Amino acid sequence: MRRWLLIAVPYLWLLIFFLVPFFIVFKISLSDIATAIPPYTPTFDITDIRGFLSQLDFENYAFIFSDSLYVNAYFSALKIAGISTVLTLLVAYPIAYGMARAPKEWQPTLVMLVILPFWTSFLIRVYAWIGILKKEGLLNLFLMNLGVISEPLTIMNTPTAVYIGIVYSYLPFMILPLYASLEKINPSLLEAAADLGSPPWKAFWQVTFPLSMPGVLAGCFLVFIPATGEFVIPDLLGGSDTLMIGKTLWFEFFANRDWPVSSAVAVVLLLVLVVPIVLFQRNQEKEREAAR
Amino acid sequence: MTGAAAQSSSPTSTQPRAVRTPAPQSNFAPWKDPSKAPIVRFENVVKQFGDFVAVKDCTLDIYEREFFALLGPSGCGKTTLLRMLAGFEKPTSGRIIVAGQDITDLAPYERPVNMMFQSYALFPHMTVEQNIGFGLKQEGFPKDQIAARVEEAMAMLELGRFGKRKPHQLSGGQQQRVALARAIAKKPRIVLLDEPLGALDKRLRQTAQFELMGIQERTGTTFIIVTHDQEEAMTVSSRIAVMDHGEFVQIATPGDIYEAPNSRYTANFIGDVNLLEGKVVKIDGGIAEIDWGPGLARFKATAPDGCVGDQAVWLALRPEKIQIDRDKPSDASNAVQGKVVDVGYLGSISHYHVELSNGQRVKALRTNSSRLVDRPISWEDTVWLEWPPETGIVLTR
């Protein structure tokens, strides 16, 4: 009996905090907007299930797919997340590689330094980038004082600022799995490669990179999945030009107060992300199997 | 090549010893031939790690087709020496010459040597075939040629069925063979083996030793093995360099190392030995008369080079060279009396621990070739130990 209770705890948790909310959101996405509290109709009525169900429909989904704004926002979000993921990988790989190759006694400190930014609020860190990137911000001041540029660069409120923001914010999620897989590589494998005639740059592509693949995949999914739904960074750094589905959803919900449509947007976003999430799970599973 | 190795390896072993293919190889001794140039030459090689001197001024010649063993306890510098030859460590000073070419400054991937790693270091993401073919691929061989050479190496090590498997799907013994196949696939002039059989269990290790020797003979390659297992070194090698604290203590054939150790260190390291401490009283015509302490007759032995009067010396006596008997031998020049304090019966042989009158204990072996039911030697018996004069080696260090 006690064993069952123990096993039931995580399932109960998932049921109460994931499955039930998901069905609530799904139900709202099938409702109609109303000027009321809550701002949709119908509300759940236990006495008239049949009448309640007959009022639900997929109108909102049809609306999302008929309006190019939403479709574009989805594609734009996927594109921005995809490019950011690649950029994050390019920045994170050398860092993780350096960490894995650093003297053993330094490594815990280096991992600590990677995690350190998490001790500050995410929102504050993104705001800080405004101070760096804006016209009279630190970056422009620095470059102008150095004489590299004469006119301030326009980075704020452009996609570039969004990329910088995402790469910066999600860097630890890429570095840590990369470091974990790089650190596991037996150094004698590289000696063996050199011994068999492979110079270091070749050995990197023949041995190190393929062996770090689980880390590369895990890091990419950990960045890509949340970045797709990101709304704080495009909202604060991207300005009005940057279209991302997370921002659209936020706007639909809080500014437009159209709960049914924003719920439909959220459900579609979830479906879009199910594919990479399933792939991510599979990658994790495969790695666990290989570790055995 | 190592006929001597077969008969002289540790007498305590109950395992069947190697019977090496005889005649033409038995006089393989290029190190005695001044016209032969060594394939590997370490020239005053020193390696320091910070303050720690791992290798102290080592000079060593290794000849083509040799199976050369670097033997010593962990931390004696043998692995460092091997890694310097592979190119993973750079000598602090000195030169390393391979086939007449100074390779001291060459990167590992430019050297004509291949190494078999202690951990095997098989690439986990590649199949057995890809692992073995890795070196050939680096040289840019055409695909069909790589496949042929890989197949050849796999056939030699009986790995035919495992070509498509990944290393983690193989047993330890199979992985060891893949690692060896990979090291010989490029047909290097020199194969380096770093404790190649250390991870195998004892029985598998003995089979693997003979396999190693077979492959070394068939390929005609020079093998250099690093090991801390004296039995392994004795079994496989043509010559052994015994190392201690970064220095060579003795470099000789297994037979010479066993029969004529040059120091207490070597005598102790290889096989079982009794060391009797004494003092040289006088030297006459190359024969030293040695005082072994109160209660023991002085006896004579061949004086080693550089031995002077009044010097402390040790007599090294292999247990199996000592005859043990109840009666005083009639015509033995070297005989002492003692009391049996311990008997160990191992079936094929028996160990006797005999205490001499000066308190020193001597171990003697006796093969149980006839059933000694009539007069077995037992605890507390007074016995005579006797050995032919030439079997006792006088050591000065």
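This is a predicted model: local features need pLDDT of at least 70, side-chain atom pairs count only at pLDDT 80 or more; totals for chains, interfaces and linings use all residues.
Residues are numbered from 1 along each chain as its sequence is written, and chains are lettered from A and ligands numbered from 1 in the order in which they are written.

- Helices (H or I, at least four residues) and strands (E, at least two) are DSSP runs, numbered from the N terminus.
- Axes are lines fitted to C-alpha atoms, for helices over the stretch in contact, and angles run from 0 to 180 degrees between N-to-C directions.
- The crossing of H6(A) and H8(A) is right-handed; that word applies if the near helix is turned clockwise from the far one by less than a right angle, and left-handed if anticlockwise.
- H6(A) brings A:Phe122, A:Arg125, A:Val126, A:Trp129 and A:Leu133 to the contact, and H8(A) brings A:Ala161, A:Ile164, A:Gly165, A:Tyr168 and A:Ser169.
- Residues are in contact here if their C-beta atoms, placed from the backbone, lie within 7 Å.
- Sorted by class, this contact has seven nonpolar, two polar and one charged residues.
- The classes work like this: Ala, Val, Leu, Ile, Met, Phe, Trp, Tyr, Cys and Pro count as nonpolar, Asp, Glu, Lys and Arg as charged, and the others, Gly among them, as polar.
- A second pair to look at is H4(A), residues 68–101, with H10(A): the angle is about 145° and the axes are 9 Å apart.
- H4(A) and H10(A) also meet in a right-handed crossing.
- Residues of H4(A) in this contact include A:Ala77, A:Ala81 and A:Thr88, and those of H10(A) include A:Gly219, A:Val223 and A:Ala227.
- The contact of H4(A) with H10(A) holds ten nonpolar and six polar residues, and no charged ones.

**Domains of chain A**

- Chain A is split into domain 1 (1–57) and domain 2 (70–291), with bounds that come from an automatic or database domain assignment.
- The C-alpha centres of these two domains of chain A lie 34 Å apart.
- Domain 1 of chain A gives nine residues to the contact, and domain 2 of chain A gives eight.
- On the domain 1 side, helix H1 (2–29) and strand E1 (32–33) of chain A each supply at least two residues.
- H1(A) gives the most to that side, with four residues.
- The residues on the domain 1 side divide into six nonpolar, two polar and one charged.

**Where chain A meets chain B**

- Here 14 residues of chain A are in contact with 17 residues of chain B.
- Helix H9 (187–195) and helix H10 (200–228) are the elements that give two or more residues to the chain A side.
- H9(A) provides the largest share of that side, six residues.
- Eight nonpolar, four polar and two charged residues make up the chain A side.

**Sheets and domains of chain B**

- Six strands of chain B form an open sheet in the order E6-E7-E8-E3-E9-E10, with mixed pairing; two strands pair if DSSP finds at least two bridges between them.
- Strands E6 (113–116) and E10 (247–252) of chain B stand at the edges with a single partner strand each, so one side of each is left without a neighbour in the sheet.
- Neighbouring strands of this sheet are turned by 20° against each other on average, direction ignored.
- E6(B) runs parallel to E7(B), residues 190–194, and four bridges join them.
- In that pair, B:Val113 stands opposite B:Ile190.
- Another open sheet of chain B has four strands in the order E2-E1-E4-E5, with antiparallel pairing.
- E11(B), residues 274–284, is joined to E14(B), residues 312–317, by six bridges in an antiparallel pairing, where B:Leu275 has B:Ala316 as its bridge partner.
- The domain assignment of chain B gives domain 1 (3–112 + 188–268) and domain 2 (272–395).
- Nine residues of domain 1 of chain B are in contact with ten residues of domain 2 of chain B.

Methods. Two residues are in contact if their C-beta atoms, placed from the backbone, lie within 7 Å.
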